[in-house]
Protein chains: 2
Amino acid sequence: MIIREKEPANLEMTFSSLESRITPAEQFYVRSHFAVPEIDLTTWRLAVEGVVARRREFTFDELRALPQQTIEATIECAGNSRVFLVPKAKGVQWELGAVGNAEWTGVLLRDVLAAAELGEDARDIVLEGADRGAIAEPPRPAGEIHFARSVPREKALDDVLLAYSMNGEPLTPAHGFPLRAVVPGWYGMASIKWLQRIVALDREFNGYYQTVDYGCWQRDEAGAVLTPLSEMQVKSQIARPAGGERIRGGSTCKISGAAWTCAAEITRVEITANDGKSWHAAKLLGEAVPASWRLWELDWDAPQTLGKCTIRSRATDSLGRSQPMEHDANRGGYMINFCLPIDIEVV
Amino acid sequence: MIIREKEPANLEMTFSSLESRITPAEQFYVRSHFAVPEIDLTTWRLAVEGVVARRREFTFDELRALPQQTIEATIECAGNSRVFLVPKAKGVQWELGAVGNAEWTGVLLRDVLAAAELGEDARDIVLEGADRGAIAEPPRPAGEIHFARSVPREKALDDVLLAYSMNGEPLTPAHGFPLRAVVPGWYGMASIKWLQRIVALDREFNGYYQTVDYGCWQRDEAGAVLTPLSEMQVKSQIARPAGGERIRGGSTCKISGAAWTCAAEITRVEITANDGKSWHAAKLLGEAVPASWRLWELDWDAPQTLGKCTIRSRATDSLGRSQPMEHDANRGGYMINFCLPIDIEVV
């Protein structure tokens, strides 16, 4: 793992080591905003409150007794690839490794909400982690806050999972023990770790982590509006060759990587070595798995011309969405899905 | 006027010169976010659009032909008295003079919305000024934005005025020529100057100037939520003696100032010279005028003890609201209505 921040731990996968569709827990990126909370399973509870007919507190065993569900889901940090932004954007300087794909086992959020008899007026479901701390820079709330995020009612009642296992093992402390949300198709900030409280609201939740942080500007008829980040944008990344790698001129070189999107399938991955003038279609590997990335590879004829060569990949999904060539400045340091330039050296 | 920022102009009244209930335009504080826009009245239009049955564009003469209304209203900048905050808060370092009271003449926003046949789904009414520019610090939208702010439907259909005159004279460029909003009882950021566009939305407007800027944190069941600033908090200010003034020990000294609130009347103003251990009731002058400040004065016996003496005023309104002794940190650099310490010298 590459350390981007020591305390709290912010670690990313060395993406060039991508080998299989499932990312082992010890290689899965860690994004922390505060120190890992110490949790005692015997006293830990999941509270469900707000616009519900019956406030509930679940013990871990009570949750385990609910219907169990296993899904595969790719989770990407909303700031993944930030190091590619010029000029530099504020935030953790992730390269390619703040993304991973795992198998998650747990209970559906909708079953937990049903047990508490979710009210009809509930519009927004707030997920709150046990992790907490103070924010340093304004605009900031006074005192400590919990990391928390909301999902709209429709998403909450669809496929959001409250997971207690990752790749068949109990969650580790770094990945949210004993319980974390997994919000399929959404950037990682929504998949709250160390989940301890669910609050149903009859209004939109304007918490810190969906306004000042993890928000972006969208232009509509009324001007620029601050909008919570949500769905992952279609994206592919080259795992190998890694940036800086030396390739023999004129040789056949395997380019490989992964591609993902939200609520659709990856239908095409292409490679350019001339800034988009021409593209070469890669081969999609295995079968499409919902909410999961797709591995791909291409046997590519390296150029005869020696020196620096920049390769980029571009994915397209079944809704026709594709990666842009440039970063949209309204997104600030988030949703970085433009065709990333990987500089290699032809020798 | 005291210059707090030269360009764009941010000027405050020398509050110790407070003489009458009406603040002359040339003494009325100026809060600018961008350069004053150059407006040609022959081409200027007020557009009314969004969730309306009939999009409208009004010329200045067409607006003048609508029913005319004159109101008095006190407008305070949400950051007024920021210089009293320890530690220092970001923003223009206003002292006491970013507040004024004027007579405003114009048309009611509700008449303009009725002319455009406001839709039943309209929840939030965005008021946009012609002033525009780029924001320097993240989180910020890319490119230029207009200064804009919304008022909820209920307020828009109540008493919001679109004013073309101030104290019986046409608006000056600094005060929003040719048209500005006056949102009675609300902090000044809502009273959009150089008004050029009104957009009715079927949702809440999360614009820059009601989230990142001019927002504050309120705690509710779900945690800290970013909330647009709106209503002015009950407040009084001492105009004289001014800070640093020398008072003869044991003499009778007149303390005078103004007090205001939102949607209520000022019922009491008191002075303390011992940090709140005892209070002396001031006399409210004149009659209560809706949405307007109330002048007050007190003949006060200065202490015999020589040296520094700190006096503070505290207002209470007809809804029983009163000024706190300390600033609430969740408000950041806004809504500074705690009992301000004015240091004078007894000689």
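Is B:Tyr209 buried or exposed? Select B:Tyr209 to begin the tour. The model on screen is predicted. B:Tyr209 has a relative accessibility of 3%, so this residue counts as buried, the cut-off for buried being under 20%.

**Stop 1: two aromatic pairs in chain B**

A search over all chains finds 26 aromatic pairs in the whole structure. B:Phe147 and B:Tyr209 make one such pair, with 4.2 Å from centre to centre and 40° between the planes, and the pair is tilted. B:Phe147 sits in strand S9 (residues 144–152) of chain B, while B:Tyr209 sits in the loop between strand S13 (195–201) and strand S14 (215–220) of that chain. The two residues are 62 residues apart, and their pair links distant parts of the chain. B:Phe147 is also buried, because its relative accessibility is 5%.

Now select B:Tyr214 and B:Tyr334. These rings form a tilted aromatic pair as well, with centres 5.5 Å apart and planes at 40°. B:Tyr214 is in the loop between S13 and S14 of chain B, and B:Tyr334 is in the loop between strand S23 (307–317) and strand S24 (342–346) of chain B, so the pair joins parts that are 120 residues apart in sequence. With a relative accessible area of 3%, B:Tyr214 is buried. B:Tyr334 is buried too, at 11%.

**Stop 2**

**Stop 3: where chain A touches chain B**

Colour the chains separately and look at the contact. How many residues does the contact take from chain A and from chain B? It takes 34 residues from chain A and 34 residues from chain B. The two chains bury about 2,600 Å² between them, and 53% of this area is on carbon and sulfur atoms. In chain A, select A:Asn206, A:Trp217 and A:Glu221: these residues lose the most area to chain B, together 23% of what the chain A side buries.

Show chain A as a cartoon. Strand S8 (124–134), strand S9 (144–152), strand S13 (195–201), strand S14 (215–220) and strand S15 (223–228) of chain A each give two or more residues to the side that touches chain B. S15(A) gives the largest share, four residues. By type, the residues on this side of chain A divide into 17 nonpolar, seven polar and ten charged.

**Stop 4**

Select B:Arg312, which is found in strand S23 of chain B. B:Arg312 counts as buried because its relative accessibility is 13%. A polar atom of its side chain lies 2.9 Å from the backbone oxygen of B:Cys339. Leaving aside neighbours within four places in sequence, B:Arg312 is in contact with residues including B:Ile238, B:Glu270, B:Asp275, B:Trp279 and B:Met325.

Move to chain A and select A:Arg312 with A:Asp275. Their side chains meet in a salt bridge, 3.1 Å from N to O. A:Asp275 lies in the loop between strand S19 (266–272) and strand S20 (280–281) of chain A, and A:Arg312 lies in strand S23 (residues 307–317) of chain A, so the pair ties together parts 37 residues apart in sequence. A:Arg312 is buried, with a relative accessible area of 13%, whereas A:Asp275 is partly exposed at 48%.

**Stop 4: further salt bridges**

Over all chains, the structure holds 44 salt bridges. Select A:Arg321 and A:Asp317, whose side chains form one at 2.8 Å, N to O. A:Arg321 is partly exposed, with a relative accessible area of 30%, but A:Asp317 is buried at 2%.

In chain B, select B:Arg132 and B:Glu144. The closest N and O atoms of this salt bridge are 2.9 Å apart. B:Arg132 is in strand S8 (residues 124–134) of chain B and B:Glu144 is in strand S9 of chain B, twelve residues apart. Both are partly exposed: B:Arg132 has a relative accessible area of 43%, and B:Glu144 has 41%.

To finish, select A:Glu49, A:Arg55, A:Glu57, A:Glu128 and A:Arg197. Salt bridges with shared partners join these residues into one network.

Notes: Residues are numbered from 1 along each chain as its sequence is written. Chains are lettered from A and ligands numbered from 1 in the order in which they are written. This is a predicted model: local features need pLDDT of at least 70, side-chain atom pairs count only at pLDDT 80 or more; totals for chains, interfaces and linings use all residues. Side-chain values use heavy atoms; hydrogens and water are left out. Contact means heavy atoms within 4.5 Å. Buried area is the accessible area (1.4 Å probe) that two parts lose on being put together, summed over both. Ala, Val, Leu, Ile, Met, Phe, Trp, Tyr, Cys and Pro count as nonpolar, Asp, Glu, Lys and Arg as charged, and the others, Gly among them, as polar. Rings of Phe, Tyr and Trp (its six-membered ring) pair if their centres lie within 6.5 Å; planes under 30 degrees apart count as stacked, over 60 as edge-to-face and the rest as tilted. Buried means under 20% relative accessible area, exposed over 50%, partly exposed in between (1.4 Å probe, protein chains only). A polar contact is a pair of N or O atoms within 3.5 Å; within protein, one must be able to donate a hydrogen and the other to accept it, and residues adjacent in sequence count only if both atoms are side-chain atoms. A salt bridge is a side-chain nitrogen of Lys or Arg within 4 Å of a carboxyl oxygen of Asp or Glu.
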